[in-house]
Amino acid sequence: MRDNGFDHRLDRRTLLGLGVTALAALSLPGCSRSTASGGQATTTANPDDPEAIAADAYVFGYPLVLMDVTRVAAGGSNRFLHAQDLPTSSARSVVRMNLDTLYSSAWLDLGPEPMVLQVPAMPGGRYWLMQIMDAWSNTVQDPSSADPQLADHRSGPPFAYAITGPNWSGTLPEGLTPLPVPTPTAWLIGRIQVNGEDDLPAVHTLQQQLKLMPLGDWIAGKPAPTDSLPRPRGDAPPDQVAAMDAKTFFDRMCAVLAVNPAAPADDPMMARIAAIGVTPGGTVDAQPADLLAAAVKDAQHRIVTYKDPEGKDLNGWKFATNLGTYGIDYPLRANVAYTALGATRARDALYPTIAEDADDHGIPRRFRLKFPAGQLPPADAFWSLTAYTADSYLVENDADIYSVGHAVPVVPGPDGSVELAIQHADPGPAVPKGNWLPIPAAGRFSLTLRLYAPTREALDGKWQPPGLTAVPAG
């Protein structure tokens, strides 16, 4: 997730989570093959070399450290940060913004006691998603409008959940569905559908009806806090992590490990990296600084250049369906953390993305995207198509059209097909309102097709987005 209410350049690293499967097409240098989530972990070739161990430790721990730095940047725990506005082309603090949902996010400290989350009734079948990640960036819970995931004897709305940490035991009050998290630290990222500017007041009201409070306060009948945290500012967390020297990084990793231990499946990796001092509360003081620095440089290169072997490319549209939970696929987890911290599970949202040149030697190009009758993007909630500049900002245009398919519905032709005009200039009255998406006059641009609660045929590839077709010049 990139447009998550954080007012800093954290959001520039976006492409994987919004559809592109990697930053580069290079394989991991000197590494064995990577497997799918839950498969065998990938490590460097030399199992005993301290530099190789340190590089693997960095890849393994990068999401943990980045999550912790992001948590600190948020400025508080157990309180929501509510996004309030829809973006326009003048917005420059966040890249690849969507115009479909408003975010309500909160960092959770589950050590003292569980946190209760209550989601209000959403009139009109409004889409919502409450994604919960553990401290290692795995999505461990994702109740939504498509699947509220209530316990058998629960009912709703409103939907009430008890988010529990690993050390809690007890009996929950009637009406609370347990959502266990394997680490004491968690990140809740809520999304609520918004249907254009006129719908913002309604969504703001729903945001205020979201409740987040300690279990004890819930039992005592105390009111939930309603004030929103301020938007974080300052250096982007990925930039803060990148600026750390090796010892600072590993010391931070060891400290966070003491609070948020690795999963049992990580025991082999924990045993491996303990050889250089990376343990809960440990230190790497015994390792030469130049060795650690070289290891970090190698690991950072591996993270940035990693290519997901399960990434999909359908008619030029790139996306991934294996995000959100990673098992022991540490390179994939690290790459997704770097490029798209907060990526959702594919069952919650799918983001095929395609890129093209908007001009041919200075002459604007025109494109068409045609969906055959009955072949619009299959989603149980809704879909949208948004255009972005080469810098991943919304495209400035006189018509103030940034996205179609959702707030601006498309219009089918006589045969039931839907053809979208993807071009800079207004195509005129021959193209119905809702079927024109402006792109830049020149330079690179990209399109992201968002499917909220995608159907099985979208996830398994039985439905494929049509290719983007260039209109011949003249």
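Predicted model: local features only at pLDDT ≥ 70, side-chain atom pairs only at ≥ 80, totals over all residues.

Residues are numbered from 1 along each chain as its sequence is written, and side-chain values use heavy atoms, with hydrogens and water left out.

Strand β2 spans residues 101-109, where strands (E, at least two residues) and helices (H or I, at least four) are DSSP runs numbered from the N terminus. Eight of the nine residues in β2 are buried, that is, under 20% relative accessible area, with exposed meaning over 50% and partly exposed in between (1.4 Å probe, protein chains only). Strands pair if DSSP finds at least two bridges between them; β2 runs antiparallel to β1 (residues 81-82), with two bridges, and antiparallel to β8 (residues 185-193), with nine. Ser105 is the bridge partner of Leu81 and also of Ile189 in β8.

The model has 15 salt bridges, each a side-chain nitrogen of Lys or Arg within 4 Å of a carboxyl oxygen of Asp or Glu. In one of them, Arg126 meets Asp199 at 2.6 Å, N to O; these residues lie 73 residues apart, Arg126 in the loop between β3 and β4 and Asp199 in the loop between β8 and α2. Both Arg126 and Asp199 are buried.

Within helix α7, Asp298 and Arg302 are four residues apart, about one turn of the helix, and their closest N and O atoms are 3.7 Å apart in a salt bridge. Asp298 counts as partly exposed because its relative accessibility is 28%, whereas Arg302 counts as buried because its value is 2%. Asp298 and Arg302 also belong to a network of salt bridges with Asp56 and Arg272.
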